[in-house]
Amino acid sequence: MSDKFKAILISRDEDKKQSVEITELGLSDLMEGDVTIRVEATTVNYKDGLAITGKGPVVRRWPMVPGIDLAGTVTESQSQDFSPGDKVLLNGFGVGEAHWGGYAGMARLNSDWLIKLPKNISPLQAMGVGTAGYTAMLCVMALERYGITPDKGPVIVTGANGGVGSVAIAILSKLGYHVIASTGRPDETDYLENLGAAEIINRSELSDPGRPLGKERWAAGIDAVGSHTLVNLLAQTKYGGAVAACGLAQGFDLPATVMPFILRGIALLGVDSVMASKQLREQAWSRIESDLDMAKLETITTTIGFDDLIDAARDIVEGKIKGRVVADMT
Ligand code: NDP
């Protein structure tokens, strides 16, 4: 059997001009690591879009095989934790940024970054979830740790049609929360209601500068948007509530006042998926197995082939993607 496989490679010339190509690599080309994996599925995250288009400083080593998420089967292992034949999953840890990632037929990775694929989740389903969905679960867990239960009141989710937002809505509704979806695409009402949104508001209600404190509308929030949207979320959260912040689709600024914190005891909970501990990842994936309806996941997932990855990565940066895009690499 040939050890050659297809890969996407991002390169830079002497003038730092970036180019992207589909190429063929061999196992000996791969970077160092103690586990080699046949990639069966990968996905398109916003960060992959930034890497491929060069619109954000994601790539930190050249040339780079992008792809921050992958799922597949171990073919070789020097680690005691994994054996050939094991189904594994990788999210983040700088893969696709500083270490060659999932947009290739094979990957060689550090075993500390890998977790075993949950028993009832296939590689394609895991990539349907991807970093976006796993981050949504980390946000739900952050709210739970803060004591936000369904009886406390509604939870607002911003960037509702995006990957984080769609999965957050599906999980929260399954757990019994009353979910308010904030979106700039109100024509997607059916899609959001099918996921479990009980109310839908237009994101324009939240995207401009607002008052330091507003009417108390929700007990908690999951925010993928940042900037004025996050500030308005905090200003309209009920006394003692919390907002989990994970994204910056509107902007990375936070033009806020301290009023929600000091007059209503609101908590701002930061959520990072990239360097999250293995223990937290395993908890999150176990919760995804129990608390995400895989039939709903299917309704938000579009499956593409390896050759479509570059176009899909460009589309996500242009806001043309709804839900999650998965690449079947088999
Ligand atoms: P997507 O591109 O799939 O979704 C983002 C959504 O945000 C869009 O679908 C849109 O939803 C909304 N949006 C886009 N532009 C704006 C704007 N200018 N103002 C307000 N809303 C806007 O991305 P993901 O869901 O994958 O990721 C969401 C964010 O979370 C990104 O910023 C990403 O970088 C971040 N992220 C962070 C992680 C972490 O570890 N902290 C991990 C994963 C993602 P709609 O059309 O419904 O309004």
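A residue is called buried when its relative accessible area is under 20%, exposed when it is over 50% and partly exposed in between, computed with a 1.4 Å probe on protein chains only. By that rule Ala-142 is buried, with a relative accessible area of 7%. The model is predicted, so local features are taken at pLDDT of at least 70 and side-chain atom pairs only at pLDDT 80 or more, while totals for chains, interfaces and linings use all residues. Residues are numbered from 1 along each chain as its sequence is written, and side-chain values use heavy atoms, with hydrogens and water left out. Helices (H or I, at least four residues) and strands (E, at least two) are DSSP runs numbered from the N terminus.

**Backbone geometry**

- Most residues other than glycine have a negative phi, and most peptide bonds are trans.
- The peptide bond from Trp-62 to Pro-63 is cis, with omega near -15°, and Pro-63 belongs to the loop between helix H1 (46–53) and strand E4 (69–77).
- Lys-16, although not a glycine, has a positive phi of about 65°; this residue sits in the loop between strand E1 (4–12) and strand E2 (18–26) and counts as exposed at 59% relative accessibility.
- Phe-93 also has a positive phi, near 60°, in a residue other than glycine; its place is the loop between strand E5 (87–91) and strand E6 (106–109), where Phe-93 is buried with a relative accessible area of 17%.

**Aromatic pairs**

- Rings of Phe, Tyr and Trp (for Trp, the six-membered ring) pair if their centres lie within 6.5 Å, and planes under 30 degrees apart count as stacked, over 60 as edge-to-face and the rest as tilted; by this rule the count comes to two aromatic pairs.
- Phe-93 and Trp-113 form a stacked pair, at 6.3 Å centre to centre and with 25° between the planes; the pair links distant parts of the chain, 20 residues apart, with Trp-113 in the loop between E6 and strand E7 (115–116), and both Phe-93 and Trp-113 are buried.
- Tyr-134 and Trp-285 have ring centres 6.4 Å apart and planes at 20°, so this pair is stacked; because Tyr-134 lies in helix H2 and Trp-285 in helix H7, the pair ties together parts that are 151 residues apart in sequence.
- Tyr-134 is buried, with a relative accessible area of 0%, and Trp-285 counts as buried at 1% relative accessibility.

- On a 1 Å grid over the protein atoms alone, a cavity is a set of points where a 1.4 Å probe fits but cannot get out, and its lining residues have an atom within 4 Å of a point.
- A search of the whole structure finds one cavity of 30 Å³ or more, and the largest cavity has a volume of about 30 Å³.
- The lining of the largest cavity consists of Leu-89, Leu-90, Asn-91, Trp-113, Leu-114, Ile-115, Arg-281 and Trp-285; E5 and helix H7 (278–291) are the elements that give two or more residues to this lining, and the largest share, three residues, comes from E5.

**Surroundings of Ala-142**

- Ala-142 is placed in helix H2 (residues 123–145), and Ala-142 touches Leu-269 and Val-271, not counting residues up to four places away in sequence, where contact means heavy atoms within 4.5 Å.
- The C-alpha atoms of Ala-142 and Gly-72, which are 70 residues apart along the chain, are separated by 29 Å.

Note on methods:
On a 1 Å grid over the protein atoms alone, a cavity is a set of points where a 1.4 Å probe fits but cannot get out, and a pocket is an open set with protein on both sides within 12 Å along at least five of seven lines; lining residues have an atom within 4 Å of a point. Grid points are joined across faces, edges and corners, and a volume is the space filled by probe spheres set on the points.
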